[in-house]
Amino acid sequence: MAAFGAKYINFAPITEEPKNGLPAYGERVEIGELVKADLTVNIATGELYANNRLKEKADEFISGSLAVEVDDMTKEIEAGVFGAIYSEGEIVDNSGDRVPYGGLGYYKTLQRNGVMVYEAHYYPKVKAVLSTDTAATKSSEITFTTRTLAFTVYEPMTGNWRYRKEFADEEDAVAYINGKLVPVHEV
């Protein structure tokens with residue numbers, strides 16, 4: 001299997017999180033055109049040594065860090081993802097902003113034995129983390145920059161922190177993501 005593409009990154013704010021089910025979401029937005037998504041899983045490890053040897057070892061999911069790059073993100077979408085104020089084309093960041101929890105989905109393109117496969121990824125509970133912003137002056141070479149975002153992946157009430165499903169058709173991967181991040185009023 002070879003992976004060589006990623007598309008359609010969507011975010012929807014959580015409106016409620018029931019104890020025995022997946023979160024309910026508000027309006028879903030496509031953050032931007034996906035350039036890259038890198039997941040790092042954070043594991044808690046415990047070891048018990050007895051008689052000078054390892055007797056027991058436990059490794060458990062704690063959280064994840066999802067580093068994302070998109071080509072661009074509008075100020076309106078940025079305000080929604082980071083909990084900032086947006087009005088009349090202006091975004092205002094405040095130290096009291098409350099970054100919302102949300103759901104996140106995207107898909108990547110795989111090739112398996114010459115056949116395209118589309119693997120959808122759905123994270124039921126994430127939260128954006130403010131990151132650095134850079135700017136550079138124009139020089140003799142054109143260097144494109146992308147918008148980087150970081151999300152913390154949380155374990156929702158169900159314990160199921162990530163869902164992945166493969167599809168033969170790209171449209172089915174898009175429908176899967178849309179179906180997972182469906183707004184409450186559409187259910």
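Predicted model: local features only at pLDDT ≥ 70, side-chain atom pairs only at ≥ 80, totals over all residues.
Student: What makes E78 count as buried?

Tutor: Its relative accessibility is 10%. Buried means under 20%, so E78 counts as buried.

Student: Why is the pair K75 and E78 called a salt bridge?
Tutor: The N to O distance is 3.5 Å. The cut-off is within 4 Å, so the pair K75 and E78 is a salt bridge. Both residues lie in α1, three residues apart, about one turn of the helix.

Student: Why is K75 called partly exposed?
Tutor: K75 has 40% relative accessibility.

Student: What makes K7 and E170 a salt bridge?
Tutor: Their closest N and O atoms are 2.8 Å apart. K7 is in strand β1 and E170 in helix α2 (residues 170-180), 163 residues apart.

Student: How do you know that T109 is buried or exposed?
Tutor: T109 has a relative accessible area of 8%. Buried means under 20%, so T109 is buried. T109 sits in strand β8 (residues 101-112). Beyond its neighbours within four places in sequence, T109 contacts A2, A3, F4, G5, M116, V117 and Y118.

Technical notes. Residues numbered from 1 in each chain as written. Heavy atoms only, no water. Helix = DSSP H or I, 4+ residues; strand = E, 2+ residues; numbered from the N terminus. Buried < 20%, exposed > 50% of the residue type's maximum accessible area, 1.4 Å probe, protein only. Contact = heavy atoms within 4.5 Å. Salt bridge = Lys/Arg side-chain N within 4 Å of Asp/Glu carboxyl O.
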